[in-house]
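I opened the model today to look up a few local details, and I keep my notes here in the order in which I checked them.

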Amino acid sequence: MSLTEQFFQQLPGECLHALRRTDDLWHSLRTGTLPVPTVVYETHESLAEVEWDVVICGGTLGILVGAVLAQQGWRVALLERGQLRGRKQEWNISRKELQAFVRLGLLTAAELNQAIVTEYNPARISFLGSSDLWVENVLNIGVDPFFLLETVKQRFLAWGGQLFERSPFEEAIVHPNGVVVTTGQQEFSTRLVLDAMGHFSPIVQQARKGQTPDAVCLVVGSCATGFPNNTTGDLIVSFTPIQNQCQYFWEAFPARDGRTTYLFTYVDAHPDRPSLETLFEEYLRLLPEYQQVKLTDIHPQRAMFGVFPCYRKSPLKPCWHRILPVGDSSGSQSPLSFGGFGAMVRHLERLTTGIHEALQVDRLDRRSLALLQPYQPNLSVTWLFQRTMSVGMQQKVAPNQINEMLSSVFQEMSSLGDAVLKPFLQDVVQFPALFQTLTKTSVAHPGLVLNVIPQVGLPALMDWLVHYVNLAGYSALYPLGKGLSALFNSLPPQTAYGYRRQVEAWKYGSGNDYEQEE
């Protein structure tokens, strides 16, 4: 019996079966055999009546958008395939980012404090052969998903929103004046559909037409008791060289019922990439060395695993009128992040403001909705970073090259201060910080930089340069656009909608949405 099978035997339910189901999905993804559904249809016939303003498909994170829209007075229906409830594992985020819930009226300050169930400091960054770096107040807050979602759900219902549980999305028919969404025996006619069903949404699969992802982040881990007492966390740690054409990275932090540890790696979707079960075996093999504990001493509470695909053509532009992908469905996270809760919270104010205005001025066509998921060069530049942290199946790379490169880059960022290091650790890239980091690293470690070029390839480097220049342009344009924002109020509402979205694109695309700690 494998280590993985022994480990999962200690967990209730069908956890190992769930892992193998996810592995089947991963196998289909990397062999190009994932079925492409047809769930969205179009017709030229107008609807006689439209019942809802917004129908949201996918309730776990869709409830966050839905509650804000219901508060603004829109008729919102939220469809959830199961029961709307959180998971046991906390969502990790930074305290500053959580203030969006208070600003939007989703939680009171007291409720926000109640939602926080764990907090730790400091967090470590470490790579094989280098000294440790420590940072504070980065992804160090653990939020209780049960409490958070239940509280927001009650707000949503109080503001007039309606929740339909055990109502999985089946299909959508787009009419000139609305969309009819079918789930089971029910139909919902709406002005706008928000797809919040995640990376493997059937709407997204149809839109991407079976496209192979450009990169994938594989994640396995667990929450368990029995570890030595440790009140610190790890943001990114690597203590091994490249193995199995993968660089293994680790993350760990205290949880309310034990300690959570993850192993993750960045790969392409080559057919010979390892299965999740194989990666879980590696996780258990290396966990004793990582946490200085015997496997027999730990007692698992739950296991976590996932496949997070990334596409260069992201965020995903709407393919139909009146249907907008949001959250992981849109691919608005960078290829370095897992997406999910943190990515949704970062864009929550921008999205809800834009959707509210789109509904007001009835700009729900495909081109107008695309303005709500704009090109963001600060996310696009991270594709090169992802390439430097991964190895092709046939590539020959020095065993410790990735560790040496990351160690040098993070040491230089640390020397430049928290204003450079902390935004990057929260998936925000800003041009001044990137320019300083690249300049210092190139001067101090020219050999390492030259070694990276053949690893990533010249086409990827040239593509990156375009996004790098655009990042500089967005950084210059945002202050100008911000200064002109007051003039938009004098424009016709439909025209102002477009200008406001452009300024938001410059803001988020340059990383100027990031707020430094006071």
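I call a residue buried when its relative accessible area is under 20%, exposed when over 50%, and partly exposed in between, with a 1.4 Å probe and protein chains only. Helices are DSSP runs of H or I with at least four residues, numbered from the N terminus. The model is predicted, so that local features need pLDDT of at least 70 and side-chain atom pairs count only at pLDDT 80 or more, while totals for chains, interfaces and linings use all residues. Residues are numbered from 1 along each chain as its sequence is written, and side-chain values use heavy atoms, with hydrogens and water left out.

Entry one, helix H6. I looked up which residues of H6 are buried, and found Pro-145, Phe-147, Leu-148, Leu-149, Thr-151, Val-152, Lys-153 and Phe-156. Just after H6, I noted that Gly-160 takes a positive phi of about 100°.

I found Arg-30 in helix H2, which covers residues 15-31. Leaving aside neighbours within four places in sequence, Arg-30 is in contact (heavy atoms within 4.5 Å) with Ala-269, His-270, Pro-271, Arg-273, Pro-274 and Ser-275. I also saw that a polar atom of the Arg-30 side chain lies 3.2 Å from the backbone oxygen of Pro-271.

I found zero disulfides in the structure, a disulfide being a pair of cysteine sulfur atoms within 2.5 Å. For Cys-217, the nearest cysteine sulfur is that of Cys-310, 7.3 Å away, and for Cys-223 it is that of Cys-15, 13 Å away. Cys-217 is buried, with a relative accessible area of 0%, and Cys-223 is buried with a value of 0%.

Conventions: Helices (H or I, at least four residues) and strands (E, at least two) are DSSP runs, numbered from the N terminus. A polar contact is a pair of N or O atoms within 3.5 Å; within protein, one must be able to donate a hydrogen and the other to accept it, and residues adjacent in sequence count only if both atoms are side-chain atoms.
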